[in-house]
Amino acid sequence: MTSLPSILGGLDPTSDRAVFRQIADQLREAIDRGRFKEGEKLPSEAELVEHYGVSRMTVRNSFSILQGEGLVHAEHGKGVFVRPRPPVRRLAPDRFARRHREQGKSAFIVEADAAGSHPTVDSLEVKEEKASQDISTRLGSVRRVLARRRRYLLDGRPVEFAASYLPLDIARGTQIAEPNPGPGGIYARLEELGHQLDHFEEEIRARMPSPSEVKTLQLAAGVPVIHLIRTAFDAAGRAVEVCDTVMAADAYVLSYQLPAT
């Protein structure tokens, strides 16, 4: 490792900023500048104590700030490491392209292939249920829906979970109601049923996760989630599916192309 004085500066005794925050600032800057790479171990508590002339508790408070920001994670008995950057780039204009469905690939498989990762799905649940008020409104005042819930993993790591809701008059008794909807996923089956997909509307917000989301996605401290609600419309203008998705924010980059006119 390069010597700490060449990577990290010293403390400013005239600053009104707390010492542990100054140390966190310097570590954060070093990470942002690539002086500590993804997956690399940060200097140990002992090394930082010696470098800055502070207590171990001060250093631990600095690490806690960076963990709360999702920049680093601690491994018991090993140290504190820089968290990897998001491995999956989600390309909005391409992910639901018909050519992928015609090749028998769902959007998740396409993204996993592009990231060089192995995709799996677990926690699958398919059942008919009463629609919530929000889902009912989005689907045109339906009372009951077919719900499909599943969790997505890349190389064994949970990265998102999603619930799709479809009107029963479309989905009941079809392959969409089966645990495995077949090549291309439920969108391929919708088009086979005569509901050619025309466009999608998405609402996206970032927030901190609930305790159950932390457990389901095995999130580290300080990692937020991306909450996305997508409605799929067919060529007749009918809403044929609502998908409510929660994604680990440290697993994705959302990429969009916007027209200039």
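**Close-up views of a predicted model**

**View 1. Strand 6 pairs with strand 9.** Strand 6 and strand 9 (residues 239-248) are antiparallel partners joined by six bridges; two strands count as paired if DSSP finds at least two bridges between them. Phe 161 has Val 246 of strand 9 as its bridge partner. The model is predicted, so local features need pLDDT of at least 70 and side-chain atom pairs count only at pLDDT 80 or more, whereas totals for chains, interfaces and linings use all residues. Residues are numbered from 1 along each chain as its sequence is written, and side-chain values use heavy atoms, with hydrogens and water left out. Helices (H or I, at least four residues) and strands (E, at least two) are DSSP runs, numbered from the N terminus.

**View 2. Strand 5 and strand 6 form a hairpin.** Two residues lie between these strands, and Asp 155 in the turn has a positive phi of about 55°. Strand 5 (residues 144-154) runs antiparallel to strand 6, with ten bridges joining them. Ala 147 stands opposite Tyr 165 of strand 6. Nine of the eleven residues of strand 6 (residues 157-167) are buried, where buried means under 20% relative accessible area, exposed over 50% and partly exposed in between (1.4 Å probe, protein chains only).

**View 3. Ile 229 is a buried residue of strand 8.** Strand 8 spans residues 225-234 and contains Ile 229. The relative accessible area of Ile 229 is 12%, so this residue is buried. Not counting residues up to four places away in sequence, Ile 229 touches Arg 138, Glu 201, Glu 202, Glu 203, Val 242, Cys 243 and Asp 244; contact means heavy atoms within 4.5 Å.

**View 4. The largest nonpolar core has 21 residues**. A nonpolar core is a set of buried Ala, Val, Leu, Ile, Met, Phe, Trp, Tyr and Cys residues joined through side-chain atoms within 4.5 Å. Among the members that touch the most others are Leu 8, Phe 36 and Val 72. Helix 1 (4-7), helix 2 (19-32), helix 3 (45-52), helix 4 (56-68) and strand 2 (79-82) each give two or more residues to this core. Helix 2 provides the largest share, five residues. A second, separate core of 18 residues includes Leu 154, Leu 217, Cys 243 and Val 246.

**View 5. Helix 9 is largely enclosed by the rest of the structure**. Of the eight residues in this helix (residues 185-192), seven are buried, including Ile 186, Tyr 187 and Leu 190. Just after helix 9, Gly 194 adopts a positive phi of about 100°.
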